[in-house]
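I opened my notebook to look over one protein chain.

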Amino acid sequence: MTVVQTVGVVGAGTMGVGIAYVFAAAGSEVAIVEPNLERARAARTVLADQAAGARARGKLDPAMHEALEGRLRFVAAISDLPDSLDLAIEAVPERAGLKRVVLAEVEHRRPALLATNTSGIAIGELAGALCHPEVFLGLHFFNPVWSMPLVEIVRGRHTNDATLAAAQEVVTQIGKSRIVVDDAPGFATSRLGVVIALEAMRMLQAGIASAEDIDRAMELGYRHPMGPLKLTDLVGLDVRLDIATNLARAYGPRFDPPQILLEKVAAGELGRKTGRGFYTW
């Protein structure tokens, strides 16, 4: 049984596109909010390429491939989302003020479940903008969403038991595994992942080793599937900076962004999406 039949995703960036794809592939009808026409076109191309690749690899049967495109549609504004969606997910950049504005507007569409895809902003901080925080929680997906198996479910102080149970069923519906954590800035995964990434940047900045060797140390020495600097390039240096800045406010200087990260973001070297970060792509 499909737990959520109608889904709204706000933001057609890397994470929003991936989230939209996995729900459409699981049988949901998905509306994606993206006011920027160029980004919407790029997102359509990514979705089409991913579906074609999945079919070629035998991950998506021909019938599902044909049906998937019809389950995805783009709208220009949150007000264009259908009313009373089963699930609405905010996937805009990691800035608390922006997320609060977006979530408050999405709430007016009266979704049964309302979620944020934040990597590290406390759910309680975002819930303050809502009239019904009991149906709100975090669904933290990982990039690339279509291949990463984990969703971190973050329960806010006001999230009720029914909302948590429904979220767990949703994660099962899309074929993912889950962990459930209580609300705190950075949750479990971002606090662990970001602290390793920041230390790797400090090592690179100090000239202790090359980016390749730092990454290889974690891949071969600790069996990480990808080193922290290459993973940062994949996630986006700007995203890492936003998360680190939020965590530094919550936990102090151990999460202060290193100078090398600040300089690369200022120079537009954001990782794979711009062709250059800690690596050249």
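**Entry 1: the model.** I noted at the start that this is a predicted model.

**Entry 2: the sheet.** I asked how many strands form the open sheet, and in what order. I found 8 strands, ordered β3-β2-β1-β4-β5-β6-β7-β8, with mixed pairing. Which strands sit at the edges? They are β3 (72–75) and β8 (177–182), and each pairs on one side only. I also looked up the twist, which averages 25° from one strand to the next.

**Entry 3: β1 and β2.** I went to strand β1 (residues 6–10) and its pairing with strand β2 (residues 29–33). The two pair in the parallel sense over 5 bridges. I picked out V9 and found that its bridge partner in β2 is I32.

**Entry 4: helices across the sheet.** I then checked what lies across β2 and β3. Helix α2 (residues 37–56) does, running at about 170° to β3. Helix α3 (residues 62–71) also lies across β2 and β3, but runs at about 20° to β3.

**Entry 5: β6.** I asked how many residues of β6 are buried. The count is 5 of its 5 residues, and the strand is mostly covered. I sorted them by side. F136, G138 and H140 are buried on one side, while L137 and L139 are buried on the other. Both faces of β6 are therefore covered, since a residue under 20% relative accessible area counts as buried.

Next I looked at the partners of β6. Strand β5 (residues 113–116) runs parallel to β6, and 3 bridges join them. T116 stands opposite G138 there. β7 pairs with β6 in the antiparallel sense, also over 3 bridges. On that side, H140 has E152 of β7 as its bridge partner.

**Entry 6: helix α11.** Which residues of helix α11 (residues 259–266) are buried? I listed I260, L261 and K264. Seen down the axis of α11, the buried residues fall within an arc of 100°, so they line one face of the helix. I looked for what covers them, and found α7 (189–205) and α10 (237–251) among the elements. Just after α11, G268 takes a positive phi of about 80°.

**Entry 7: aromatic pairs.** I searched the whole structure and got 4 aromatic pairs. One of them is Y21 with W146, which is edge-to-face, at 5.6 Å centre to centre and 80° between the planes. This pair links distant parts of the chain. Y21 is in helix α1 (residues 14–25), and W146 is in the loop between β6 (136–140) and β7 (150–155), 125 residues apart. Are these residues buried or exposed? Y21 is buried, with a relative accessible area of 6%. W146 is partly exposed, at 29%.

I then took the pair of Y279 and W281. W281 is partly exposed, at 43%.

**Entry 8: charges over rings.** I came back to Y279 for its other neighbour. The charged end of K230 sits over the ring of Y279, 5.3 Å from its centre. I also found R191 over the face of Y251, at 4.2 Å from the ring centre.

Definitions and conventions: Residues numbered from 1 in each chain as written. Predicted model: local features only at pLDDT ≥ 70, side-chain atom pairs only at ≥ 80, totals over all residues. Heavy atoms only, no water. Phe/Tyr/Trp six-rings, centres within 6.5 Å; stacked < 30°, edge-to-face > 60°. Helix = DSSP H or I, 4+ residues; strand = E, 2+ residues; numbered from the N terminus. Buried < 20%, exposed > 50% of the residue type's maximum accessible area, 1.4 Å probe, protein only. Lys NZ or Arg CZ within 6 Å of the ring centre and 35° of its normal. Arc of directions from axis to C-beta. Contact = heavy atoms within 4.5 Å. Pairing = 2+ DSSP bridges. Axes fitted to C-alpha atoms, helices over the stretch in contact; angles between N-to-C directions.
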